[in-house]
Amino acid sequence: QYFKATSKQPQSNMYKLTVASLLLTSASAFSPAQVGKASTALAADFSQEVGVQVPTGFYDPLFLLSGADQDRFDKLRYVELKHGRIAQLAFLGQIATRAGMHLPGNIDYSGHSFSSYPNGVAALFGPDAIPKEGLLQMIAFVGFLELFVMKDSANGAAPGEFPGDFRNGALDFGWDKQSDKWKLEKRSVELNNGRAAMMGILGLMVHENLGNGASLPIIGSGF
């Protein structure tokens, strides 16, 4: 027997906090990427980095890089890449589950199948959400990855080519065999896809929570 929420207010507050945090962490989405400059204690010029593209050029509306040195920039770049990668997975997860693709079998020993739970945010917050124990397991797993696995030179691991380089001497997939031009192009593509995905998943979450039976592309009716 799983706990089912009887009050929508806690879920609503938690959802609002989730959306607010996504807005804040997406603020650096249009800051440029690092291309291997040496760390310095002096303020650096990042206007020529990967990620500075037309039509916005160097775009830092919150002045996160005002007076920043290379170390500060690398940490912000790491955060942007990480959130962009998570957002891409989240957006594809929305597309896949709403197309009817779910994991086979049951999510628990009581016989509840993966497909028996709603799609999108409603699967985590709301009266029909997965059990709290399942949500806590996911949070614990993500925390484990964050602390012990997904590390790079920007947060304590062995130096890589750039922030977000999680190979750690183990994974390569032919990256080292490519030209510098090819690498910079692929890094730029990842940045742009991550930025678009951050805006995309945030938009899906907001529209999903509009309610009022509004029929929206991909999302359908609100919950």
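Guide: Helices (H or I, at least four residues) and strands (E, at least two) are DSSP runs, numbered from the N terminus. This is a predicted model, where local features need pLDDT of at least 70, side-chain atom pairs count only at pLDDT 80 or more, and totals for chains, interfaces and linings use all residues. Residues are numbered from 1 along each chain as its sequence is written, and side-chain values use heavy atoms, with hydrogens and water left out.

Visitor: How many salt bridges are there in the whole structure?
Guide: Four. A salt bridge here puts a side-chain nitrogen of Lys or Arg within 4 Å of a carboxyl oxygen of Asp or Glu.

Visitor: Where do Arg77 and Glu80 lie?
Guide: Both are in helix H2 (residues 70-98), three residues apart, about one turn of the helix.

Visitor: Are Arg77 and Glu80 buried or exposed?
Guide: Arg77 is buried, and so is Glu80. Buried means under 20% relative accessible area, exposed over 50%, partly exposed in between (1.4 Å probe, protein chains only).

Visitor: What does Glu146 pair with?
Guide: Lys82, through a salt bridge (2.8 Å, N to O). That pair links distant parts of the chain: Glu146 in helix H3 and Lys82 in helix H2, 64 residues apart. Lys82 counts as buried because its relative accessibility is 18%.

Visitor: And which residue meets Glu190?
Guide: Arg85, at 2.5 Å, N to O. Glu190 lies in helix H4 (residues 180-208) and Arg85 in helix H2, so this bridge ties together parts 105 residues apart in sequence.

Visitor: New topic. Is Phe148 buried or exposed?
Guide: Exposed, because its relative accessible area is 61%. Phe148 sits in helix H3 (residues 132-149).
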